Amino acid sequence: MASSSSFIANKKDLGLSALSSTSSPFSIPKCRKSISKKIVSVMAPQQSERKPATTGSVKIAMTMTEKILARASEKPQLSPGENVWVNVDTLMTHDVCGPGSIGIFKREFGDNAKVWDREKIVIIPDHYIFTTDERANRNVDILRDFCLEQNIKYFYDIKDLSNFKVNPDYKGVCHIALAQEGHCRPGEVLLGTDSHTCTAGAFGQFATGIGNTDAGFVLGTGKLLLKVPPTLRFVMDGEMPDYLLAKDLILQIIGEISVSGATYKSMEFVGTTVESLNMEERMTLCNMVVEAGGKNGVVPADSTTFKYLEDKTSVPYEPVYSDEQARFLSEYRFDISKLEPLVAKPHSPDNRALARECKDVKIDRVYIGSCTGGKTEDFMAAAKVFLASGKKVKVPTFLVPATQKVWMDVYSLPVPGSGGKTCSQIFEEAGCDTPANPSCGACLGGPKDTYARMNEPMVCVSTTNRNFPGRMGHKEGQIYLASPYTAAASALTGYVTDPREFL
Amino acid sequence: MKTLVCLINCRLEIFAVHFDVDVAFCTRYRTVTFPTSRCCLDAWAMKLWAKPNVRFEYPKPPLHSSTTHHQNPWLPRAAAPRPTRLRHSLTAESTNATTFHGICYVVGDNIDTDQIIPAEYLTLVPSNPAEYEKLGSYALIGLPASYETRFIEPNEMKTKYSIVIGGDNFGCGSSREHAPVALGAAGVAAVVAESYARIFFRNSVATGEIYPLESEVRICEECKTGDVVTIELAESRLINHTTGKEYKLKPIGDAGPVIEAGGIFAYARKTGMIPSQSC
């Protein structure tokens, strides 16, 4: 086993020790915007790398992320900056990166090599599914061939593209499927070939995105070399106002620290507000950690988590929690009662603005979907706004449930206060498009025939996660990222609208 | 012509040692094998040098150890000097350190992976040779119209810019490994940016496709697309010949040997983490 000497050493990546070389010990490197921190961090003193066991030193308090990685690397103690070989509990891949990862696995380990553990790999086609693009379809076939050959236990296959419902194994968007199928468990390490793998941090585990080569490596060995990130702590206290959703919280944070504010760091979300969020809202929070550059996001597991997992997994798990005296790089506190519905204006997730200040922005369409904003709770939220208004939408409104389960919920669960109507009924009455096939859809553009893809320049309010140029298809498209409340409100007026107009 | 002949002979010596070596001759894709007999090598090398924008690259170690080798490719070779990565062969010198020389393409901050390789091209599988090439042809095609100069000309597969200079947070967004792969396949040797997003940096090192170098200052504001630059890796220095300015780069550190080895697998084989292949 390689020693813990620096493997991928990057001066900027040294986290704590790099800070002492910049002018202010309390500034986060490369963050240009001013940081409104009320509580300034306790910064760990610069230390040379030495194994704790060799010093016989006092046990140092660790953060959640450090503890998870310590357990996964079978070490008693870890500090940020250490490179460690981590045992992977679950590896996920999908149709875009799976074939590439498989290609690398076969090339490097041999055509006849076997994966390290057929039960720890979850293969989920979700990105380019409902398309006539031949290569996209071929990529799902590549996944199937590999799963048959390796006898992969969890492969959520789809064969009949004309009707997703006749594919009993098919789930949809990988990050939501992972949660719904019980693959996310507190204290574990989950790696996936997708940047939004960080979503699973909502379950109190270390979850982060990796590339094809790293995934190929994990397929063969079940391990990966990771550098322990320092943690940024976000404390949110107070009762969540009824016009705000987790999306607004994370847009607030990203706007605060910028798209590189959490690079190489872990983001920990605590506080009474976070505790009041249900699992899907926590997933939204952790989902966009990568948009701030974050390595992973974590929410401590609690009764909400355990209840969610009750009927989904029987695999034993052991949650971990940050020590009282754990050291965080910085701590941010937010008074939730002062927050208002937000949008991220084109073309960056940190281009934060109040929704009400964008009320003169005329829009061409609304998109409600993706791992960020296409879960059951997101559709319930949108339905609530449509119900409260009772009017019809003024622009084409596209609805793309993340998974088969979400699609079924949209068609079966009653919306509170509606007298028994389902989301789908409310959407129909409001004039929205019929809920589409569950998949990633147009969140990332995709092949030209993807449903709701932006093929001409237009303005869209979307519950998705990125709005860089060309994200949804057209380079000149303008995407306003927003919560499901804000998206629904905007659909009703034809302009970017604060949901308080209706709620 | 004389200079060219000398260079070819120098390179041939190194090539001759490695049979079945996977080479990246204008590309980085690994399974292109090249001829083994000396006369074929001559002919092949002539074709190599006749092409514009050829980059010589130190051959990567064989992936399949079915054939024997004259020598362990990783042991220092006393005979031949370590080859230079040359781009435009404007100054065809061979030095003992790795240097990159060519013209640069300058971009701004927060160049996300959707701009580097838009999602519609992700159906191309990087580990498939033909599709690897195609990916390269789409590198940076997602940049908005405000970038007047195209990175790759419409009917070309490769770029003439072997060095990309960027600002903050280069490679942010998606984890798609297609991003550094597309840049490498297009012919980029190194990116010099103020800072990187972590997954992009990691993927660059893991694949060994490009060197993700960091500048100390905002070089992107002082260089223009088309400037002739040289990067000296050992000295961690970038020289802009057009403006006459020199810049200090942050040392690539331990990532260097990994990229040079050809990525984490090659590197991990060296340390015995993966058994060497038998096939």
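Tyr196(B) is buried in this predicted model, where its relative accessible area comes to 2%, and Phe170(B) is likewise buried, with a relative accessible area of 0%.

**Aromatic pair in chain A**
- The rings of Phe164(A) and Trp407(A) have centres 5.2 Å apart and planes at 75 degrees, and because an angle over 60 degrees counts as edge-to-face, the pair is edge-to-face.
- Phe164(A) belongs to the loop between β4 (154-155) and α6 (174-180) of chain A, whereas Trp407(A) is part of helix α14 (residues 404-412) of chain A, so the pair ties together parts that are 243 residues apart in sequence.
- Phe164(A) and Trp407(A) are both buried.

**Aromatic pair in chain B**
- Phe170(B) and Tyr196(B) make an edge-to-face aromatic pair, with 6.1 Å from centre to centre and 80 degrees between the planes.
- Because Phe170(B) lies in the loop between β2 (161-165) and α5 (178-186) of chain B, and Tyr196(B) in the loop between β3 (190-193) and α6 (198-207) of chain B, the pair ties together parts that are 26 residues apart in sequence.

**Aromatic cluster**
- One aromatic cluster is formed by Trp85(A), Phe105(A), Phe109(A), Phe146(A) and Phe217(A) together with Phe265(B).

Notes:
Residues are numbered from 1 along each chain as its sequence is written. Chains are lettered from A and ligands numbered from 1 in the order in which they are written. This is a predicted model: local features need pLDDT of at least 70, side-chain atom pairs count only at pLDDT 80 or more; totals for chains, interfaces and linings use all residues. Side-chain values use heavy atoms; hydrogens and water are left out. Rings of Phe, Tyr and Trp (its six-membered ring) pair if their centres lie within 6.5 Å; planes under 30 degrees apart count as stacked, over 60 as edge-to-face and the rest as tilted. Helices (H or I, at least four residues) and strands (E, at least two) are DSSP runs, numbered from the N terminus. Buried means under 20% relative accessible area, exposed over 50%, partly exposed in between (1.4 Å probe, protein chains only).
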